[in-house]
Amino acid sequence: MVQFTSTVKESFMFGIGMPEMFLILAIALIVIGPKKLPDLAKSLGRAFAEFKRATSELKDSFEIDTELNDIKTTFNDMSDGLKEAIDVNVGTETKDQTNADASEAENTQKEIKNSDSEDPLSHG
């Protein structure tokens with residue numbers, strides 16, 4: 001069986017242990033007075049709660065920003081992919097249209113040559 005022994009004192013916040021907390025509370029009681037100390041404690045509690053809420057909202061805001069950036073990059077990637085696909089299709093259609101136009105022009109030239117070689121008076 002393994003036993004863990006700790007030589008570190010328990011600490012609440014910022015490395016302050018129980019004896020230090022009692023000393024701080026005693027000094028606060030002497031300086032502030034017993035009537036105002038509960039009001040001060042309430043005010044400090046509310047201030048810490050508000051601080052905690054604000055930091056939580058800020059953290060959520062940063063998380064939302066990173067999620068929006070991820071979504072934005074996804075849409076940009078999709079947009080780039082669509083642009084490339086459209087460019088490929090337009091390039092293919094342009095080649096096909098150019099080939100069709102060239103063959104149509106050749107056929108028109110052949111028809112003109114054939115009509116020029118026929119005698120216009122022989123039909124008449």
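## Helix H1 and its end

Helices here are DSSP runs of H or I with at least four residues, strands are runs of E with at least two, and both are numbered from the N terminus. Just after H1, glycine 33 adopts a positive phi of about 105°.

This is a predicted model, in which local features need pLDDT of at least 70 and side-chain atom pairs count only at pLDDT 80 or more, while totals for chains, interfaces and linings use all residues. Residues are numbered from 1 along each chain as its sequence is written, and side-chain values use heavy atoms, with hydrogens and water left out.

## The protein as a whole

The protein has two helices and zero strands, and 2% of its 124 residues count as buried, where buried means under 20% relative accessible area, exposed over 50%, and partly exposed in between (1.4 Å probe, protein chains only). Valine 31, which is found in helix H1, is exposed, with a relative accessible area of 66%.

## A nonpolar surface patch

Leu23, Ile27, Ile30, Val31, Ile32, Leu40, Leu44 and Phe48 make up a nonpolar patch on the surface, and their accessible area together is about 810 Å². Both H1 and helix H2 (37–117) supply at least two residues each to this patch, with H1 giving the most, at five residues.

Notes:
Patches are made of residues with over 30% relative accessible area and no salt bridge: like charges are joined within 9 Å, nonpolar side chains (Val, Leu, Ile, Met, Phe, Trp, Tyr) within 5 Å. Accessible areas come from the Shrake-Rupley method with a 1.4 Å probe; for residues, only the protein chains shown count as cover. A salt bridge is a side-chain nitrogen of Lys or Arg within 4 Å of a carboxyl oxygen of Asp or Glu.
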